[in-house]
Amino acid sequence: WTLVGEVLYEQAGGSMLRGHDGQGNAERRESASSWRLSVLPAVQYHFSDRVGLIAGLQVGVRGRNTTALVAPQVAINIGF
């Protein structure tokens, strides 16, 4: 068993959409830029020297223009 920890920073630029709606009216929409800082605590177990399993959570701790986030993460690692 091994305890694992990571820190993740995500950033997205804003966007702008210009066009016309179904009635021909001019339309303009903008979305703001956003960022999120997450921590990812996990535990890792090796079944053998070639196969391992890692499981944990991604938890958003800070951010701007983002939603709250708690997401489970699971991966199987196989080496050849």
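Asparagine 65 is found in the loop between strand S5 (51-64) and strand S6 (70-78), where strands are DSSP runs of E of at least two residues, numbered from the N terminus. Its phi is near 55°, a positive value in a residue other than glycine. At 49% relative accessibility, asparagine 65 counts as partly exposed; buried means under 20% relative accessible area, exposed means over 50%, and partly exposed is in between, with a 1.4 Å probe and protein chains only.

Before I continue, a word on the basis of this talk. This is a predicted model, in which local features need pLDDT of at least 70 and side-chain atom pairs count only at pLDDT 80 or more, while totals for chains, interfaces and linings use all residues. Residues are numbered from 1 along each chain as its sequence is written, and side-chain values use heavy atoms, with hydrogens and water left out.

Let me turn to the chain as a whole.

As for dimensions, the C-alpha atoms fill a box of roughly 65 × 30 × 15 Å, taken along the principal axes. The radius of gyration of the chain is 20 Å, whereas a compact globule of 80 residues would have one near 12 Å. That radius is taken over C-alpha atoms, and the globule rule is 2.2 Å times the number of residues to the power 0.38.

Buried residues make up 12% of the 80 residues. The chain exposes about 6,400 Å², of which carbon and sulfur atoms supply 55%; these areas come from the Shrake-Rupley method with a 1.4 Å probe, and for residues only the protein chains shown count as cover.

On charge, the chain has 7 positive and 6 negative charges, and their mean positions are 5 Å apart. Here Lys and Arg count as positive and Asp and Glu as negative, while His and the chain ends are not counted. Each charge is placed at NZ of Lys, CZ of Arg, CG of Asp or CD of Glu.

I now come to contacts, meaning heavy atoms within 4.5 Å. Among contacts between residues at least 6 apart in sequence, 45% join residues at least 24 apart.

Serine 34 is found in strand S4 and, at 16% relative accessibility, counts as buried. Not counting residues up to four places away in sequence, serine 34 touches Glu10, Gln11, Ala12, Arg64, Asn65 and Thr66.

Glutamate 6 has its place in strand S1. Leaving aside neighbours within four places in sequence, glutamate 6 is in contact with Ser38, Val39 and Leu40. By contrast, its C-alpha atom and that of aspartate 49, 43 residues along the chain, are separated by 23 Å.

Glutamate 27 lies in strand S3 and is partly exposed at 30% relative accessibility. With residues up to four places away in sequence not counted, glutamate 27 touches Leu17, Arg18, Gly19, His20 and Asp21. The C-alpha atoms of aspartate 21 and glutamine 11 are 10 residues apart along the chain and separated by 30 Å.

Finally, the aromatic rings. The structure holds three aromatic pairs. Rings of Phe, Tyr and Trp (its six-membered ring) pair if their centres lie within 6.5 Å; planes under 30 degrees apart count as stacked, over 60 as edge-to-face and the rest as tilted.

Tryptophan 1 and tyrosine 45 form a tilted pair, 4.8 Å centre to centre with 45° between the planes. Tryptophan 1 lies in the segment before strand S1 (2-12) and tyrosine 45 in strand S4 (residues 34-46), so this pair ties together parts that are 44 residues apart in sequence. Tyrosine 45 also forms an edge-to-face pair with phenylalanine 47, at 5.1 Å centre to centre and 80° between the planes.

Ring pairs link Trp1, Tyr45 and Phe47 into a cluster.

How values were computed. Helices (H or I, at least four residues) and strands (E, at least two) are DSSP runs, numbered from the N terminus.
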